[in-house]
Structures are given as structure tokens and as C-alpha cells.
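Please read the following report alongside the sequence and the coordinates. It is organised by topic, moving from the contact between chains to individual residues.

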Amino acid sequence: MNHFFAIRSHWGRALAIFAIVCMAALGISSGFTTPAAAAEAVQTCNPTASNGCVNGILQDESQHALSGVVVTLSGVESAATTTDASGRWAFSVAKDGSYTVSIDPTVASAHDLKADKATVEIKKGDFSKSRQVVRFDEAQSSDQSSPSSTASSSSSSSGSTKQSDSTSTADDDNPWADFSARVWDQLFSGIVFGLLLGLMSMGMNLVYGTTRLSSFSHGEQVTLGGLMAYVGTQILHWPLIVSAIFAVVVGGITGWIQNDLVWSPLRKKHVGAMQQMIVTIGLSMTLQYLFQFFFGADVKGITLNVPQGYQIGPITTDTPTLISAAVAIVVIIGVTFFLYQTRLGRATRAISDNSALAAASGINVEEVVRVVWILSTSLAALSGVLIGVYFNGIQWNTGALLLLLMFSAVTLGGLGTPNGALIGSLVIGIVADMSSLFIPNDMRYASALAILIIVLLIRPQGIFGKLQRIG
Amino acid sequence: MNKKSSRKYLTSALAAGTALVLALSGCGSSSSSSSGSSKAFVLGGLFPETGSLAYLGPAETSAWKLAAKDINAAGGVLDTKIQTVSADISDADHADQNTAGAQSVLSKNPSVILGPASSSVVLNTYKSIAEAKVPMISMGATSPTLSGISPYFFRTVPPDSVQGAVMGNLIAQNGVQNLAIAVFNDTYGTNLRDAVVKSAEAAGVKIVYGEKDTFDPSETNFSSLVTSIKATKPDAVLVIAFDQTKQLLKEMSSQGVDTKTKLYMVDGNTADYSKDFEAGMLKGAQGTIPGAHPSDAFQKRLKTVTPKLADFTYSAETYDGVILAALAAEKGGATDGTTIKDNLAAVSGAKGGTACTSYKACLSLLKDKKAIHYKGQSGIGAFNSSNDPSSASIGIYQFNGDNKPVFNHAEEGEVPKA
């Protein structure tokens, strides 16, 4: 079979060469009557005011270049060329008009090309028509009965080309294969994002639990962590781990300072939770503009190198992502241990349950709240570092963009319940990422927030929240 | 959601306050040594100093200052030194700052405003500027929908129908069979995407992702998007975005999508990434930027204004916009917006005239009552009836081992009339 084709294509090539010789002869003879600059075969062609281009690349379905194939140009001007090692060919033409490019039909059939001939319209100086690219591997299949059939000259024929493509390649484009290939990757990225979101909303939930304050500046604490890690790695040239510790320490110190300077005095003056919340909004804006002032508005990469991804079972991942997820899990377990197994942790939960009763039973509420603030901002800073690594960069408003998701996660899990934040975050992360299998990618957070509404309709206190007695 | 809107309100209030302070402080610093008579040509500028387009700011501002310097060196407009006023316009995600920036410049009664560069921001601001009868010349707004949007809107950059056609052919001639497009949901992004899709599909390229799908401009987590793109098994990816590109490309690279020879970018993100990625990450990737590549001589002159300037995108377009506006005022004999609007097409050579390449040369021709045709740095033709350049060139760039785009070649042609 192959042998047979080889012979046929050999004859075909000979015929084609003969045809070219004839055309060239015709070109020469007509050259005396019309003194025009003829089309010429060139290495690469770029359209200018004085020439147009007909060019392309000859390759088969699997993108293997077909070199040494004769490509013939006819029409207003004629020329012939041979494809180079990468399958490229180009003609520079001088006149506007209709050109037909063809290759040997036997080559086309031997390599399963969809066409061996295409007619294009060249108009110099017009961006959409000064260069015409002809691709036999993708063009409409040649129709022997109507030699004027065009492959790529009008939009209507390209529309039909597309249709025939989609039917002819339907066998290897099984939508279910595509779906199952993505399911595990989407689930995995949803879990990783959920864990990181859980880490950052945990601190916010602790502050809410002990002081009934919804902190709008928690997002900026996250950004601060990421930006401090950037300062460490890119400005001070420290290793990432040292920078991460630096970021967490800076985060913790800001929590301590703001508790002692702002929140503690406000609590002593019995300023309501609503008013304090407005203060956090002001703080959030101030911090955002300060970040922008000092760091600029562009994305800051904490690391310059790009991790090389690899395949673990059905998922593609990379080392920094796995380390980020592992750190998040370890820290979340550690904080849970602290809350349930240590004296201070139990005191924190006692204050969450009933602050007045806890104070009456001898717990130093102010001291515990200070620790909670330091813990909360340190966790935020750590999650900022991890999110900066996982998202491949941090900018002045990254935290602010995540803030509403944090609130949703906390509300979903149950306001003030330590583990509610984690479960809520995982639900939000997984639902958001998995939903992009069904709905457009830029709408995926909407589905997570739809879950929030449904859960709150069924369980108004959130998944883990306790029903509050009203009145 | 209530909380969010109240926060937005507060943000805009703060922004307006800041703008007011800036405008007031501007009064003190920007008024030049001239007498300040009402006839002086006031050159306005709206540049992105913050937001996702902030990287374009330095090149635009430097070109704008250089043009003002050149005009004053040649004696100013109508023999009076010109004054300048500018403000931060940010990006379309900060619509409050768009309005505040435009108002702060309009309050100084400018003769013309250069900018904004983003199509979405132009849409947010052109009405108030046109109502004040001030012509605006955008150096980077390439959305096809802006053609002829207002008699006061001009641009020195060709619309994206042109860039899209060049990009579509570039992709097709490199043998791409299945193309995925990562495009952000923005007027600029989706319009350019449509133009690329049209010309790439006509040449037989199949669009496997992104013909309808977009991503949110404020997206931070690109893992899901890249997974979707990867699942469609593209053999090349076109990225249409602004600063989001950095995170997206890193995610693509770590998930194993080729960011070298199989990557295409457009004017919004063909920039210097030498400080953002490891060397070699983008080697061989290609990008298109409308407009002529600024010549070495012009780049050197820009560096006299801003010595550390590294990115020159839209600098030539900004410079030409300023010079054209000053020439239009000179030709019309007045510095008000309407006069400049009426004469811009004429000085750009719409009715022919003697070609001249600098403000000084054009000025002396105008003083001799000759018709002129200013041929500037950006290589654009005269304004057509939609106030678009009638012809233009698109530069094709290839990234080198340091992740910097290097000029490869330009394709020239006429801009189709809207």
C-alpha cells in the first residue's frame, strides 16, 4: 500500500513539476506583454504597502512538518516553491486579486490533508487581506467537481469548515473524557484553596468569637503577610522560610499593636460592635492605599522560579502547592489542639460561649483577647505567604478580594465556631472550583454563594453554629 | 452585599477627597512661569499611575512631558509657553478614580486631554470630557466600538480589528491547529478576542477554549482556569490580559502548559517580564503591539525625561497626540477645545500638505500659511472620518531569554473604516 502510494506520489510530483515548468514558461511568455513584478517564492513574507503575502505551513494532522513538497501559486501572478524543513512556504505577490494555492493531490491524500487547493483574495494595505494564510491540514476538503471551491477566503466557507471539523474529529473529543480528566484536578485545587481560605478565616472567626467584631481589615492582614514575604525574598534576598517567619512575626506584632492601641480602648469605652466594624473598614482602606503607595499596584511574585508540575494519580500538582497545603493542615490542627487541649485555648472558647460568665469565673478576658488578636493576625500573615506562593503572586488588594469569601466561609460554617471556618472554607473552595466544570469559569464564586444562601435557609446558624437564644 | 456597597461608597468618598487634595496641591505646583493668561494652551493628561495598567504610566507620562518640552523649546503654542495638568486615572475596576481623575483635570480648563489608555476607562470618561468640549486623544484605547463614538474622541492607535487580524494570521502561519484563548472579561479583551478568532478561524485554526469563556479581571486564583484550558489539549495559548498575565503564566508553566514557543500575547501584556520570571521562561513567545516600535533615538530622548524607563509601550502614540493637538491649536489660532477638534484632522494630513516630522518644522510651515502633514513617531496616517488613524502598523515582538520582548518586524496597512 505504502509502496503504491510512493510510486503514485512520485508520478504526481513529476507531473506537478511539469506543470510548474509549463506555468513558468507561460509566465515568461506573458512577461513580454505585461511588465509586472511577478509573484516570488520567499523565505518569509511580511506584507508592506507594495506587496501582499500568501503563506502557510504544510503539516499533517499530528503537526509533523511536510518538507520538500512543491506548492504552486496561480491566479493573477504565478510562482512555485518547495516547503522547507519546518514545512513553511511563502509567496510575496505584487498585485491585488485572487490567487489559488495548490499542492499535489496525492501528497494531500497520503497525509490525510483536508484539502489540496485553496483560493484566497489578496488586497494590499488592507490588514485583513494583505496576508492570507493557507493551511491544508485544517482547510475544507477539496471538491473535484467544483474547482472554484475556496478553503479560506470567505467567512461563510470557514463556517462550514468548522462544522465539518467538529464532526470529523468528534471521535477523539469525547466530552466525558474531558470532564473526567478535569474532575480530580478541580477537586484538588478546590481543596487546596479551601484549606488556605480556612487558615485565613480561622483567625477572623476567633476574633469574632471573643469580641463579636467582624473585622473587615482581616483581608489586609493577609495581604500584609504576602507583601512582607515579598520584602523578605525579593528585597532582602532571604530564603523563603526565613521570609515567611518574618512575615508571621510582623503580622503578629501588628495584631498586638492594634489591639492595645485601638480595639482594647474601644472595648473599654463600650463602643458597639457595629461602630468598631466601621473602624475596621476605615483601617482596611487605609492599609490598602498604604500598600499601593509603598509597593505599587502590580502583582508581586514572592518567588521568581516557576515550580515544575508533576502528575500524582489523576491530578497535576507541584511541590510548593503540596507544601502550602501541608503547612495549612498542620497549623489548623495545631490551632485546634490549642483551643481544645490547653488552658488558654479553653479560656478562649469559654469567652466565645459567654464573655461575661468567663470574666466572672476569673478568666482575664483582656489578656486572652490580646492573645487571640496576635494569633489571628499571625494566621492571616501565614496564609498570605501561602496564598502568595499558591497564587503565584500577591498584590495590594489580594486580601480585599478574598475578604467576602472569608465572610461567606465563616457564616456558612457558623459564626464564632473555630472549626466552622475550616469546613465552610472547604465547602466554598470545592463548590467554587468544581462548579467551573458546568458553568463559565468567571461565575464560579456565584455557585459557592448560592450554597451559602441554601444552607442558611435550612440552618440559619450555619453548619456548626449553635442556635442563639433571642431575647 | 450591603456591606460591600457601603464600602464602595466610602472608597469613592475617600478617593474623591484624595483627588480634591491632589487638585488643590496641583494648583500650587503645576502652574508654570508664564503669565497664566486664558489664552495659554493647557495640556491635560490622564495616565494610569495605579491599578492593573500602572506599568503603562511611566512611558506615557515621559512621552507627554517630552512633547511639552519640545513644544516649549520651539516657542510654545501661539507664542505662549504651554501649561500642563495631569491626574491618575487608574483602571476600569476603579470607576470612582476614573471620574475623579477626569474631573480634576477638567477643572483646570485643559485645551486637550491625552489619555486614558484603556478602552473601558475611555467609555467611563468620554461623555463628561466631550460635554466640556475638550478633545481627548487616547494613545492606547484599541476597542473597535470606540470608532466615531464622539466628535471629541480621537486616537493615535489603530483599533483592534487590525491587531486581531495580524495576530490571527501569525498564529495560523505558525501551524497552530488547536488554539486556546485565556481572555479577561473586559471590553478590550473580548473585542480583541473576537477579531483574532475571526481571522484565525478563516485560516483554519480551531478554537478549543475561549471562544466564549472569559475570566474575571479581578481573578486571583488561576488554577481552575488553567485546568480547564489544559483539558482542551491546545497546541498554543493566546493570553489577552493586563497584569493578571504574571500569575496566569506562572500557573500555566507549573501545570505544564508551554509558555515558550507556544504562547502568544497582545499589546496589553507584551511587556518586560525580566524581573518577574526566571530567565528563559518566555523564550520564543510572540506578541503584537499596535503602533510603530519607538526608534532608538526616540527612546534615548525619553530617557532624558525618565532615565530608568524600560517599557516604551504607547510612548510614540502619546507624543504624537500632544504634537498634533498643539499644531491644531496653532493652525486654528486659538487654544479652545473646539478649535483643536476642528483642526486635528487637517494637521494630521487628511487633506494633504507638506510633510514635516517635528513640532518645530511643522510650526514654521504653519506660520508660512502652508498646509501640513505631521508624520510623527508612531507611523500612523491621517485621522479618518471616525477620528481613527487611517493607516497604521502593528509590531510583532518575540521574547528573548531574559523575558523581554524584542522587536521582530512590523506589518503595515490601512485601517478599515468603522
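## The interface of chain A and chain B

In this predicted model, 66 residues of chain A are in contact with 66 residues of chain B. The two chains, A and B, bury about 5,900 Å² between them, and 51% of that area is on carbon and sulfur atoms. Three salt bridges are found across the interface of chain A and chain B, while the structure holds 18 salt bridges over all chains.

Glu411(B) and Arg131(A) meet through their side chains in a salt bridge, with an N to O distance of 2.5 Å. Because Glu411(B) lies in strand S14 (residues 405-414) of chain B and Arg131(A) in strand S8 of chain A, this pair joins two chains. Both Glu411(B) and Arg131(A) are buried. Another salt bridge brings together the side chains of Lys246(B) and Asp298(A), at 3.4 Å from N to O. Lys246(B) and Asp298(A) also belong to a network of salt bridges that links them with Lys300(A), Asp243(B) and Asp276(B).

## Salt bridges within chain A

Side chains of opposite charge can pair when their charged atoms come close. In chain A, Lys114(A) forms a salt bridge with Glu61(A), and the closest N and O atoms of this pair are 3.4 Å apart.

## Surroundings of two buried residues

Gly225(A) is found in helix H5 (residues 218-235) of chain A, where this glycine counts as buried at 0% relative accessibility. Apart from neighbours within four places in sequence, Gly225(A) is in contact with Ala247(A), Ala381(A), Gly384(A) and Val385(A). From C-alpha to C-alpha, Gly225(A) and Gly399(A) are 9.7 Å apart in space, although they are 174 residues apart in sequence.

In chain B, His373(B) is found in strand S12 (residues 372-374) and is buried, with a relative accessible area of 18%. Not counting residues up to four places away in sequence, His373(B) touches Val347(B), Ser348(B), Gly349(B), Gly353(B), Thr354(B), Ala355(B) and Cys356(B).

## Packing of helices H9 and H10 in chain B

Helix H9 (residues 296-305) of chain B packs against helix H10 (residues 315-332) of chain B at an angle of about 80°, and the two axes are 11 Å apart. H9(B) and H10(B) are therefore roughly perpendicular to each other. On the side of H9(B) the contact is made by Phe298(B), Arg301(B) and Leu302(B), and on the side of H10(B) by Ser315(B), Ala316(B) and Tyr319(B). Sorted by class, the contact of H9(B) with H10(B) has four nonpolar, one polar and one charged residues.

## Backbone geometry in loops of chain B

Most residues other than glycine have a negative phi, and most peptide bonds are trans. Tyr314(B), found in the loop between H9 and H10 of chain B, has a positive phi near 65°, and this tyrosine is buried, with a relative accessible area of 5%. Ser90(B) also has a positive phi, near 60°; this serine lies in the loop between strand S2 (83-88) and helix H3 (95-106) of chain B, and is buried at a relative accessible area of 4%.

Which form does the peptide bond from Gly115(B) to Pro116(B) take, cis or trans? The bond is cis, with omega near -5°, and Pro116(B) is found in the loop between strand S3 (112-114) and helix H4 (119-131) of chain B.

Technical notes:
Residues numbered from 1 in each chain as written. Chains lettered and ligands numbered in written order. Predicted model: local features only at pLDDT ≥ 70, side-chain atom pairs only at ≥ 80, totals over all residues. Heavy atoms only, no water. Salt bridge = Lys/Arg side-chain N within 4 Å of Asp/Glu carboxyl O. Helix = DSSP H or I, 4+ residues; strand = E, 2+ residues; numbered from the N terminus. Buried < 20%, exposed > 50% of the residue type's maximum accessible area, 1.4 Å probe, protein only. Contact = heavy atoms within 4.5 Å. Axes fitted to C-alpha atoms, helices over the stretch in contact; angles between N-to-C directions. Parallel < 35°, antiparallel > 145°, perpendicular 65-115°, else oblique. Nonpolar A, V, L, I, M, F, W, Y, C, P; charged D, E, K, R; others polar. Buried area = accessible area lost by both parts, 1.4 Å probe.
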